[in-house]
Amino acid sequence: MTLNGRGAIVTGSTSGIGLAIARALAGEGAKVMLNGLGAADDIERTRADLAADTGATIAYHDADMRDPAAIAAMVEAAKAAFGSVDILVNNAGIQHVAKVEDFPADRWDAVIAINLSSAFHAAAAVLPAMKAAGWGRIINIASAHGLVASAEKSAYVAAKHGLVGLTKVIALETAGSGVTCNAICPGWVLTALVEKQITQRAAAAGRPFEQEAETLLLEKQPSGAFTTVEQLGATAVFLTSAAADNMTGASLSVDGGWTAR
Ligand code: NAD
């Protein structure tokens, strides 16, 4: 239990990668604030199950990541509940797939707000106390699309490249303070976000879901295997460990070789 007494916020943690990172941090003893969309009953069940499974204190805040005031309120609520926010995982994200000329402006704004600007607002809210305490971890869930591009993902690629850039700036501004900021760049992970894309592609190609999943993997991910949410949870825990004390401004690819070619 390396994170006993630490307070953590994981944005977009009602499902997928965020929930697995919350589980991994709670498994190390951290008190975790969940956040994200969903039906109230489902979220309460998720919160209660995580608390029961890990024995950790688990809270939830419904801040919409498009709303800077709500993000500030979530950070204040976590401070009040836990005493401090020592770990911030900026994970909330959405996707929209369309060519630039067909990309709806409101989808562009939403992707940039949720996948990029929310990380800026949350970091700004937690950094003063982290610096004063002399310890803190900011972990930004970027993507292989933070390092390379794919067609029809303009907003997502722009947001994730921006998030990698923000990671480097926060690393420079916190260097030597005991606070680190790093990005994790997953390749394909089979979560709701990717299932939706595979379903759409399978329908368009007239192929079964499993076959389309294999095709999608082989286009980009030489390992031919999805990255798992558990692997990403363990990567986040590593970044909170003493082994990563002098690691900052880095982008860790967990992408089966996607960005190696
Ligand atoms: P997911 O859809 O399972 O999870 C997204 C989370 O963000 C959910 O909890 C959702 O409720 C939350 N969210 C969405 N809009 C929100 C809003 N307005 N306010 C608050 N929360 C909101 O998808 P995932 O695959 O687990 O994605 C998590 C992160 O990982 C995203 O940033 C995504 O870009 C990134 N990522 C995913 C993959 C992949 O292959 N799945 C690959 C690389 C990066």
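1. A residue is taken to be near a molecule if one of its heavy atoms lies within 4 Å of it. Of the 29 residues around the ligand, those that come nearest are Ile17, Asn91, Tyr156, Val189 and Thr191. This is a predicted model, in which local features need pLDDT of at least 70 and side-chain atom pairs count only at pLDDT 80 or more, while totals for chains, interfaces and linings use all residues. Residues are numbered from 1 along each chain as its sequence is written, and side-chain values use heavy atoms, with hydrogens and water left out.

2. For leucine 37, the distance from a polar backbone atom to an oxygen atom of the ligand is 2.8 Å.

3. The chain is assigned domain 1 (7-187 + 227-251) and domain 2 (188-226), with bounds that come from an automatic or database domain assignment. The centres of the two domains, taken over C-alpha atoms, are 25 Å apart.

4. Where the domains meet, 15 residues of domain 1 are in contact with 10 residues of domain 2, contact meaning heavy atoms within 4.5 Å. Together the domains bury about 850 Å², of which 57% is on carbon and sulfur atoms; this buried area is the accessible area (1.4 Å probe) that two parts lose on being put together, summed over both. In domain 1, Gln95, Gly187 and Thr227 lose the most area to domain 2, together 47% of what that side buries.

Definitions and conventions
A polar contact is a pair of N or O atoms within 3.5 Å; within protein, one must be able to donate a hydrogen and the other to accept it, and residues adjacent in sequence count only if both atoms are side-chain atoms.
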